[in-house]
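Below are some notes for a colleague who is meeting this structure for the first time. They are set out as numbered points and can be read alongside the model.

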Amino acid sequence: MRNNQSKHDAKRNGDSKHPAKSNGSTLWLPGRGNANSSNQPVLITGGAGFIGTNLAHRFLCRKQPVLLYDNLSRPGVEENLAWLRKKYGDLIQIEVADVRDAARLSAAVKRSSKIFHFAAQVAVTTSLVDPIQDFEVNARGTLNLLEAIRGMDTPPPLIYTSTNKVYGDLEDVKLQVRDGRYEPEDAHLRQHGFSEQRPVNFHSPYGCSKGAACQYVLDYARTFHIPAVVFRMSCIYGWHQFGNEDQGWVAHFLLRALENQPITIFGDGRQVRDILFAEDLVNAFLHAMEKINSLSGQAFNIGGGPANTISLLELVDIISEIKGEKPAVQFDDWRTADQQYYVSDTRKFSAATGWKPLTSAREGVKSVYEWLKANRTSDPGRIARVGSLATKDNGHSPVNGVCSKTNGRRRVAKVVCSSNGNGSKRAEPKLAKVI
Ligand SMILES: NC(=O)c1ccc[n+]([C@@H]2O[C@H](COP(=O)([O-])OP(=O)(O)OC[C@H]3O[C@@H](n4cnc5c(N)ncnc54)[C@H](O)[C@@H]3O)[C@@H](O)[C@H]2O)c1
């Protein structure tokens, strides 16, 4: 059921089509239950990115100032920033800076009432090309943030977005194919998904750097009493996401279909994920902030859960229905550390906060399709520019596909280089042994 306050606020802000749903009317009392109820901004690192933009929008439309700290390294995020700037003007502060710059990050932390730490190198593929950069941004950048928080008399509360990749590729889980998709043989796992009891098993440099950061956050909560919560997130999708082959597959598939370009599926397409609509994630963030004192020091698996699972092939089918024609699909090798089945067991978080996802996978996918249709730029070079996660500062190759030969199991990562969108090739084609 749509929340009336959300609808009202969406209208008031000239955004009547915004899909906000909320199942808790208390979520919109800025400062309630939080460390600081002054007018200090909410700091969102990586705030120009997909999730950051959705969260910023929710705060800003309630007149809560935000400070976005982002180095704009992800191609395309300037568009999100321009949209927020145009919509909210002075309510938004922007610091174009890097989380590896400890001094600037610390200055931003000191100005903030609460912190959401999203800035990251976000793709497994890119982490295979440059593990050091991946480590420095994800692990060291998070440690910089934690140290800045630790230095404060009254540390602001922190929410950190980790990933299901900390559980590894889950190779030990016995799977079967039913109705054209993978599912666990174990009935309990099928019914509920993976809980936080699952042992962590960092896989891929991205898994290691995000996992290390996740453990640091949990330990700073324990050792230094910083109020902090970790979300181990499955696949998030929604408005303001310009997904590409490296990250953001739901939006990427939709964009490819809209551009009448073939979709490449790595593996056989029977992989299953639970997908979570960004508005539902934003609700979860707000629930977590509201209860930060009782939740601090804990990690929660967050995703669409068993009710919102989808295989890659099923997404193609949904796109066919929405678009009225089947998009072209091609197949390539499995990618390193890809999980054949991952579904979050979100019961721990739901029991603690009352949160649950409100948007079904089908409804959400349709909504993102319509949003992308209306908002993707007609600039023909854009798809090429955002078609990979090449960052602007690392000088490394855009990676088109980091795959691995399988004969059942993954072994060797193949790095394929592609044009950087300016016509030139920055490349290091090589085989990287990853496990
Ligand atoms: N989207 C998902 O499905 C998903 C799933 C699991 C975890 N996560 C995590 O959620 C967070 C947000 O993801 P997203 O999907 O919004 O990604 P995104 O790429 O859209 O946003 C990340 C933002 O961080 C910025 N950034 C990158 N390196 C930076 C640096 N060194 N300093 C400052 N800013 C930097 C980028 O410019 C970008 O705007 C990330 O930490 C990601 O690992 C996302």
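**Notes on helix packing, the ligand shell and selected residues**

1. Helix 2 and helix 10 (residues 278-290) pack with their axes 10 Å apart and at an angle of about 65°, where axes are lines fitted to C-alpha atoms, for helices over the stretch in contact, and angles run from 0 to 180 degrees between N-to-C directions. The crossing of helix 2 and helix 10 is right-handed, a crossing being right-handed if the near helix is turned clockwise from the far one by less than a right angle, and left-handed if anticlockwise. From helix 2, Ile51, Asn54, Leu55 and Arg58 meet Ala278, Glu279, Leu281, Val282 and Phe285 of helix 10, with contact taken as C-beta atoms, placed from the backbone, within 7 Å. By class, the contact of helix 2 with helix 10 has six nonpolar residues, one polar and two charged; Ala, Val, Leu, Ile, Met, Phe, Trp, Tyr, Cys and Pro count as nonpolar, Asp, Glu, Lys and Arg as charged, and the others, Gly among them, as polar.

2. The model is a predicted one, in which local features need pLDDT of at least 70 and side-chain atom pairs count only at pLDDT 80 or more, while totals for chains, interfaces and linings use all residues. Residues are numbered from 1 along each chain as its sequence is written.

3. The secondary structure of the protein comes to 15 helices and 19 strands, which are DSSP runs numbered from the N terminus (helices H or I, at least four residues; strands E, at least two). Of the 435 residues, 50% count as buried, a residue being buried if 20 or more other C-beta atoms, placed from the backbone, lie within 10 Å of its own, exposed if 12 or fewer, and partly exposed in between.

4. Which residues come nearest to the ligand? Of the 29 residues around the ligand, they are Gly46, Gly49, Ile51, Ala119 and Ala120, and a residue is near a molecule if its C-beta atom, placed from the backbone, lies within 6 Å of it. Helix 2 (50-60) gives the most to this shell, with three residues, and helix 6 (131-150), strand 5 (158-163) and strand 9 (235-237) each supply at least two. The shell divides into 14 nonpolar, 10 polar and five charged residues.

5. Helix 6 also packs with helix 8 (residues 204-224), at an angle of about 10° and with the axes 8 Å apart. Helix 6 is therefore roughly parallel to helix 8, since angles under 35 degrees count as roughly parallel, over 145 as roughly antiparallel, 65 to 115 as roughly perpendicular and the rest as oblique. The crossing of helix 6 and helix 8 is right-handed, and their contact has 13 nonpolar, three polar and three charged residues.

6. Two backbone angles deserve a look. Most residues other than glycine have a negative phi. Ser204, in helix 8, has a positive phi of about 80° although it is not a glycine, and Ser204 counts as buried because it has 27 C-beta neighbours inside 10 Å. His225, in the loop between helix 8 and strand 8 (228-233), has a positive phi near 60°, and with 12 C-beta neighbours inside 10 Å His225 counts as exposed.

7. His252 is found in helix 9 (residues 249-258) and counts as buried, with 21 C-beta neighbours inside 10 Å. Leaving out residues up to four places away in sequence, His252 touches Gly243, Asn244 and Glu245.

Key. Contact = placed C-beta atoms within 7 Å.
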